[in-house]
Amino acid sequence: MAISRVFLSDLKLGKCSSVVEARLLRFWEARNVKRGGELMWVDMLLMDVNSTLMQATINANRLPKFRERLAAGTMYSVSGFDVARCAQNFELADSSLMIRFSDSTEFDVLSDPVSPIPAEGFRFRNQTELVGLANTNTQLPDIIGEIVSVKSTVTDPPEDKNRVMVTVKLENDVSVTLSLFDAQAVSFHQKLGGMRGDPKVIVATSINPKMVRGRLFLNTTSGTHGYYDKETHAGESLFYRLVARDTGLPSAAPLLKSYAKVEPVTIAELNNFITTDLPQQEIDFLCTGRVSRVEADKGWCYVACSKCSKKLQRTATSFECARCNNPHAVGSLRYRVEMVVTDDTAEGAFVCFDGVMTRLHSLRASEAVQLLVRVTSYNFIVNHQTFTVSRIINEVERAPAPDFVDDGGDDNDDDDAPNGTIDREKSGVGKGSCESSKSAGKEPVGNVLKRARIA
């Protein structure tokens, strides 16, 4: 008797002896990081003639039977499998069911399907939908957008704890940050650096949306695959629209920036560095110093936008926020306190904003602290050389890995917030910004970590 053929949408819980014809869109390994990366299973995403997506899984002990046949984009006939419910978290498809390969599963390459099966399938979500999914861990959607900028900690050869952050412009010119970690970060960095041309479009699958301090971040998962420009039909369509529009934005590859290792220097050497060296890349500096005094006569706060933290402009009847384009913005007071940090070579007058001052509440002015300092192109103008403090860390805390900020940082109004992917309440690390001016040296005490960004 002939085996019946069914669609993915027809499947019911339990064993299935019918045949499903589907295309394998992509697959990836699931590993247990708590057991040294032990392989647990392989996840797959299947799509049938009706463009129905469904997750499938092959347990590690059955993988040798099927591994050599797995090829993304290939069509298969599948039978003799189990149908189970998907986990309620991190759904890869709209279906609540999934296919589990068993010892009796038949998985054969299909060269002549009964009906044509689409070549690709995605679950694209716009910015509003991504915000709705953020922090719920319910779905892992896909995105498509224009690559605006790329920042990377990947070195040659790669080291531990690699990270890449990609600014992606979605529809309606809304920008989000796509974060890649470890092996995925290295792969992205190397692929982008090896491209002949500069990619304009990225399609990223199975991302996990997060809202941090009011900003949307998209974290990659083990199921994330990246496709560029014309590698997909969806990407090709957006690519030609962007070419026709000619945005005039710089390409992504020249914006690929790396971060050097932390280098110990004195405050005088750091001051000299920003006056003599041209901005080429982001560099970390480790300095030793002490907060020696607070300039109380310079005031202690400013009126900021309660939404974006940018300094508000006073009008005749209200406060206006230029960033939010809101002529009637709601204001809130945020710290702006000048203090002097010294070592045995020089001293710097730092203007510390809200996050830094919040962190300093539990510290005396004479107590040694570590300052994570960012230097941008703003540091290289003739009459105004400044440093931006993005964190304050006490002596018992470990110096952090490079952080990422993509807010410009040229107005010193506390809108240069860290990317937010670190839980500062748990780590005890604050945020904020500072300005610094050079002057005579003082005696050294304590540790000051300066993270200098040269954009």
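I take helices (H or I, at least four residues) and strands (E, at least two) as DSSP runs, numbered from the N terminus. The model is a predicted one, in which local features need pLDDT of at least 70 and side-chain atom pairs count only at pLDDT 80 or more, while totals for chains, interfaces and linings use all residues. Residues are numbered from 1 along each chain as its sequence is written, and side-chain values use heavy atoms, with hydrogens and water left out.

**Strand S10**

I looked up Glu-146 and found its place in strand S10. Glu-146 has a relative accessible area of 7% and is therefore buried, where buried means under 20% relative accessible area, exposed over 50%, and partly exposed in between (1.4 Å probe, protein chains only). I then checked Glu-146 against Ser-175: they are 29 residues apart in sequence, and their C-alpha atoms are 9.0 Å apart in space.

Ser-152 is also in strand S10, and it counts as buried at 0% relative accessibility. Its side chain makes a polar contact of 2.7 Å with the side chain of His-189, and a polar atom of that Ser-152 side chain lies 3.0 Å from the backbone nitrogen of Val-154. By polar contact I mean a pair of N or O atoms within 3.5 Å; within protein, one must be able to donate a hydrogen and the other to accept it, and residues adjacent in sequence count only if both atoms are side-chain atoms.

**Nonpolar cores**

I define a nonpolar core as a set of buried Ala, Val, Leu, Ile, Met, Phe, Trp, Tyr and Cys residues joined through side-chain atoms within 4.5 Å. The largest one has 24 residues, and those with the most contacts inside it are Leu-11, Met-44, Leu-70, Phe-81, Ile-99 and Phe-101. Strand S4 gives the largest share of this core, four residues. Leaving aside neighbours within four places in sequence, I found Leu-70 in contact (heavy atoms within 4.5 Å) with residues including Leu-24, Val-42, Met-44 and Phe-107. Apart from this core lies another, of 23 residues, among them Leu-130, Leu-180, Ala-204 and Leu-216.
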